[in-house]
Amino acid sequence: MSCSRRRFLRDALAAASALAVYPAAGCRAAWRRPGGFKEFEPAYLELEREGELAKREKELWAIYEKCQLCPRKCEVNRLAGENKVCEATNELVVHSAGPHYGEETPLVGRWGSGTIFFSHCNLRCCFCQNWEIAHRGDGGPMSHGRLARVMLALQERGCHNINLVTPTHVVPHIVRALRIAIADGLRLPLVYNTGGYDKLETIQQLDGVVDIYMPDFKFQDGELSHKYCAEAGDYPQVAAAAIKEMHRQVGVLETDERGIATRGVILRHLVMPHNLAGTDRFVEWVARELSRDTYVNLMAQYRPSHKAFEYPEIARSLTVEEWSRSLRWAAAAGLSNLAR
Ligand code: SF4
């Protein structure tokens, strides 16, 4: 997580309270005003009109009964309040929400990205800079109706999208709240902002629901993801399959006349000390398996945090040479759409 995101989180609880009391009335007009969307129609509206979104919602809730929503396949009954690796039960817990200006430029535009931070996480990286929310579960319970009102309040404020941060373990809740918000006039694109440890079948359920996927692709080596991400040794294969499916659904990033993202994949990769993230292999994979035009954000902001100090090799920041080398690898792979 970048410093700007940490600052955002500090301020966001207050913002979330303010958002929660924003009136839903008037939301239908919000997307027509300057900074809102005029002709854009998010993919989920058609699914809802066809009755397909209701069907998907029902199927997603059924997965909670023997939870296999993510690749961990814990098989606990979350509907009965059980939990396991992600520590999330059937209760929706949200840390904060508000306009965020520290995300990628095509998401931020003039009025910010409408960011909602869900508590808990299924990947549990030892170096998480967001560990209070992702590991400890800081946040408060939120009803589906209130989550829908938060989405609408973000739209009312002119945000350019609904940015769902760490959504993997709460997908059924998101679809429920989305359907309530659709009925009250939500028209913004959904951003699925994930660590990349997503089950292929769950991503397939989101075909036509999500407009913009923003996954991380953190590791290319399963021994390292096993070591640093709570024994997720299959992360490289799982993330590769999920990201390819995301790309199949929405393609490379599209923007409107203002440069605001409307559809596509934004792919993130956190460069790590000693090239532990396998940046050279990552950029080659993008060029080979997706497209050289893929919007890629190579991130230089790695800082040791949480339990990273228990591993000497990741207990420092990047060097300038490590960062320069990563940029050279991206250029050599022919990536033509790096975030600036
Ligand atoms: S979503 Fe949580 S409970 Fe369900 S399989 Fe993944 S880690 Fe386990």
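Two residues are in contact if their C-beta atoms, placed from the backbone, lie within 7 Å. Keep that rule in mind for the tour.

This is a predicted model: local features need pLDDT of at least 70, side-chain atom pairs count only at pLDDT 80 or more, and totals for chains, interfaces and linings use all residues. Residues are numbered from 1 along each chain as its sequence is written.

**Whole chain.** Show the cartoon. The chain has 13 helices and nine strands. These are DSSP runs, numbered from the N terminus: helices are H or I, at least four residues, and strands are E, at least two.

**Two helices.** Select residues 144-156, helix α7, and residues 171-183, helix α8. Now show side chains. On α7, pick H144, G145, L147, A148, M151 and L152; they meet H173, R176, A177, I180 and A181 in α8. This contact has seven nonpolar, three polar and one charged residues. Ala, Val, Leu, Ile, Met, Phe, Trp, Tyr, Cys and Pro count as nonpolar, Asp, Glu, Lys and Arg as charged, and the others, Gly among them, as polar.

**One residue.** Centre on M151. Leaving aside neighbours within four places in sequence, M151 is in contact with I162, A177, A181 and L186.

**The ligand.** Of the 14 residues around the ligand, C67, C70, R72, C74 and C86 come nearest. A residue counts as near if its C-beta atom, placed from the backbone, lies within 6 Å of the molecule. By class, this shell has eight nonpolar, three polar and three charged residues.

Notes:
Axes are lines fitted to C-alpha atoms, for helices over the stretch in contact, and angles run from 0 to 180 degrees between N-to-C directions.
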